[in-house]
Amino acid sequence: MVTAQLQPSPPTLQNHSTPTMVDKTLVDLLQASKMAATLHRKRALEARRLAKEPGPLELFPRKLLILPPTVILLVLLYFSVSSTLLSVSLFHVCVSSRKLHVYCLSAATAPISGHHQLYQTFDKGTEASLPSLSQNYSYPIVDSTESRGYQRGETFDKDIKVSLNSLPQNYPAPVAYSAKSSSNQSDHTFNKDIRASLDSFPQNFNTPVAVSAKSSRREENFDKNIKALLPHLHQNSRQPIADTAETKRGSRRDQNIHINPVVEEQMKSLRTLRNHALTRNKTCQGRGIYVYDLPSKFNKDLEDQCEDLIPWTNLCSFFSNKAMGEPIQELGPNWYNTYPYSLELIFHRRMNAHPCRVYDPSHALLFYVPFFAGLNAMKWHYRTNVSNELQDQLGLELVRWLDTKSTWKKNQGKDHAFVLGEVTYNFRRSKNSTWGTNFLELEALQNPTKVLIERHPWHPNDAAIPYPTYFHPRVDQDVKSWQTTASSSKRSKLIAFAAGTREGQVGALRARLMEQCTLADQTCNFLNCSRSGTCEKPERVVSLFMGSEFCLQPPGDSPTRRSVFDALVAGCIPVVFDPFTAYYQYAWHLPEERERWSVYLDGKEVREGRVDVVGVLKGVRREERERMRRFILEEVMPGLVYGAEREGLEGFRDAFDITADALVERARRESGL
C-alpha cells in the first residue's frame, strides 16, 4: 500500500510578493522595539543614578564629616558657652557654673529643668514646713565659676529667657549658680540678647527709669533691647528711680526682716552651744574626739574618683594641697583655688590631727563619722538612667555598718557628728524627683548632728558652717597681715555685684539689681558671671571685692552663697536680700548683731522696684562703713577661714576650731554631762 505524504502546496505566483513585504515590516518593527527597549533601560538607569546622587544640602553633612575633629570640637564649644548647663531631654552639655566652679561647673546644683525643683524661698511670716517646701525649691547645679569676659555695652546672653510670667507666685528658685565672682573691670552692662521678661510683672510694679536729666551717658550704657523689655516706662521719661512715690532711698532697711520664731529659736539654741563652748576649759580632759576608721569605700575611694565624679570635669587639682587646691600665685602664699564643696576633705584632715583625738572610744565624748556623703551625692548628679536606689545604696550601707558598733547604739547616735560638703537639700530628695540622695531623711540620721554649708531651717540638728574660701592662713601673722592689707585697700567703687542670671523670682531680683547697677556704672561694678570665663579666676573675685565698699548678695541656686564669705574675707560689706542667705544659717560663725557686719534690703521690695539699692547704700555714712569693715576684719573674718596647717592657728579660732568646739559641747549636752 502506498502512503501519500502530505506537503504544503507551493504558493501561487500571484501570492509570492506579499509574504516578503510582511516579513520585512515585521523585522523593522522588532528592531524598533529593541531600540526603544534599550533606550528605555538607559533612561531608567540614568534616572536611578540621578536619584541616588545627593544634592548640595545632602552633601554638606558628608563634607562636614571629613573636617578635622578639632574644628568640630571648636564649633561645639562656641555654641556651648552657656553659664551652666544646656539641657535637652536626652543629653546634657555642661561647660561652666559657679556653685561647683566645675559643676556646670557648683555647691554643688540639678540640670536646669522644671523636673528638678527642690526648694523654695521662704515667704516672710510663714512657718510652712520645709519638707513640703522642698518640692517647690528649684535646685542646684552647680556652683560654676567659669564665665567668659565681655565688653561694656553688651546685654544679656543670647536667647536665655528669664520667663517670669509662667512661674507660680510661691517663688520657685532657679538653677545653676556661679560661685566665683569677680573682676576689677568697672564698666559692664547686660550680656547681649538675654531677655529679662519684666513685662510679666503686675501692673502696679514700679519699674525704675534709666536716666535723669544729667545722666544721658548712663542711658547709652543701658542697652535699647533691655529698655524695650520695660513696658511700664514711658520711653521719654526722665524720672530717676529714686523719685517714684513708693521708692525708699537713703535709709537702712535692717529692721524690716520679718522674724520667724521657729527658726529664731533654733538659731538661739545653736548660739548657746557656741557660747558655752567659749567658756569651757580648752584642755582635752573629758573632751575626747573619736574618729571612725571607716572602710575606704565611704571616703578615700570617693576622693580617688576625682577624675570622673562629675562627667565633664576633673576635680583632682581641687583636691590637691590638703584639699585646698592649687596655689594662686597672684594673691600670695596663703591663697588657693579651693573648691567650694571640699569641706568634707578639709574637715577630715583637720579632725585626724585634732589635739583631743582619742583612739579608745571609751574615752571619747564626740564621735566623728568621716563619710563623704557630698562626694557620693555629686557622683550621681549628672548621670542619666540612675535609680534612686543606686544613689541611696552607699548611705544605707553606712547605716548598716554603724549598727554593728556599740558606740553608735549607746546613745542612738546623739553624740555623733557628720560633716557634709553640699547643701542640705542634696541629701533630702523630694518626692517624685531623682536629684540627690535621701541620706538625711533616713530614720537613723535624725539624732546625730549634721554639719553642712547650708542647713535646713526646720531641722534643729542641722548646723551650717562657712563655705571654704580661697584664703588659708598658716600662722597668726598671716591673718594679721591680711587684716592690714584689706583694711587699707583703696575702694574706688561703692558697690560690687558679681552674679549670673537665674529664672523665677530669684532671676527677677537679680535682673533688677543688674539694671540698677549698670545704670550707676560710676558707682557700681557689675561682673556678669553668665558668660563663660568671666568669673573663673579667684584673683578677679578678690580684686573686685577688695575695690568695693558693698557687695550685693542675692540668693542663687539656693539661699546661701559662697560669695558672702569671699566678700567678708575681702572686707566688703555684704548686702543681703533674704535672711536665709546668712542670718538664719551660720549661728556659730556670724554675729547675731547683723547690722554690725551687713546691710539688709527686702528682696521682694527690690524686685518690685520699690527700693533704690544704690541710693540706700549711698546713704550709709563713710564713718559707719569704716566701722563695719573694721568689725568684719577684726572680729568676724578670722572665724570664717580654714587654716592651712593641720594643727590650725594659735591666737585665732578659725572656722574649724569654732565648729569642733560647738560639736563637742553638743555631745556633752546630749550625754547629760
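**Entry 1: H14 and H20**

I looked up the handedness of the crossing of H14 and H20 and noted it as right-handed. A crossing is left-handed if the near helix is turned anticlockwise from the far one by less than a right angle, and right-handed if clockwise. The model is a predicted one, in which local features need pLDDT of at least 70, side-chain atom pairs count only at pLDDT 80 or more, and totals for chains, interfaces and linings use all residues. Residues are numbered from 1 along each chain as its sequence is written, and side-chain values use heavy atoms, with hydrogens and water left out.

I then noted the geometry: helix H14 (residues 476–487) and H20 pack at an angle of about 165°, and their axes are 10 Å apart. Axes are lines fitted to C-alpha atoms, for helices over the stretch in contact, and angles run from 0 to 180 degrees between N-to-C directions. Helices (H or I, at least four residues) and strands (E, at least two) are DSSP runs, numbered from the N terminus. H14 and H20 are therefore roughly antiparallel to each other. The classes are as follows: angles under 35 degrees count as roughly parallel, over 145 as roughly antiparallel, 65 to 115 as roughly perpendicular and the rest as oblique.

I listed the residues that make the contact: Gln483, Ala486 and Ser487 from H14, with Arg629, Leu633 and Glu634 from H20. Contact means heavy atoms within 4.5 Å. By class, the contact of H14 with H20 has two nonpolar, two polar and two charged residues. Here Ala, Val, Leu, Ile, Met, Phe, Trp, Tyr, Cys and Pro count as nonpolar, Asp, Glu, Lys and Arg as charged, and the others, Gly among them, as polar.

**Entry 2: Arg625 in H20**

I stayed with helix H20 (residues 622–636), where Arg625 is found. Is Arg625 buried or exposed? I recorded it as buried, with a relative accessible area of 9%. Buried means under 20% relative accessible area, exposed over 50%, and partly exposed in between (1.4 Å probe, protein chains only). Leaving aside neighbours within four places in sequence, I found Arg625 in contact with Leu494, Glu549, Phe550, Ile573 and Val620.

**Entry 3: two partners of H21**

Helix H10 (residues 343–352) and helix H21 (residues 655–670) pack at an angle of about 70°, with axes 11 Å apart. That makes H10 roughly perpendicular to H21. H10 passes H21 in a right-handed crossing. From H10, I noted Phe347, Arg350 and Met351, which meet Phe656, Asp657, Thr659 and Leu663 of H21. This contact of H10 with H21 has four nonpolar, one polar and two charged residues.

For helix H7 (residues 261–279) and H21, I read an angle of about 100° and axes 8 Å apart. H7 and H21 are therefore also roughly perpendicular to each other. Ser269, Leu273, Arg274, His276 and Ala277 of H7 meet Ile658, Asp661, Ala662, Glu665, Arg666 and Arg669 of H21. I counted by class four nonpolar, two polar and five charged residues in the contact of H7 with H21.

How many of the residues of helix H11 (residues 373–380) are buried? I found eight of its eight residues buried, and the helix is mostly covered. Among them are Leu375, Lys379 and Trp380. The buried residues of H11 pack against helix H8 (300–304), H10 and helix H12 (388–402).

Asn385 lies in the loop between H11 and H12. I recorded a positive phi of about 55° for Asn385, although it is not a glycine. Most residues other than glycine have a negative phi. At 81% relative accessibility, Asn385 counts as exposed.

Ala323 lies in helix H9 (residues 320–323), and it is buried, with a relative accessible area of 3%.

Which residues does Thr407 contact, leaving aside its neighbours within four places in sequence? I listed Tyr292, Pro361, Phe367, Asp415 and His416. Pro361 is 46 residues from Thr407 along the chain, and their C-alpha atoms are separated by 7.3 Å.

Val541 is found in helix H16 (residues 538–546). At 0% relative accessibility, Val541 counts as buried. I noted 8.1 Å between the C-alpha atoms of Val541 and Ala498, which are 43 residues apart along the chain.
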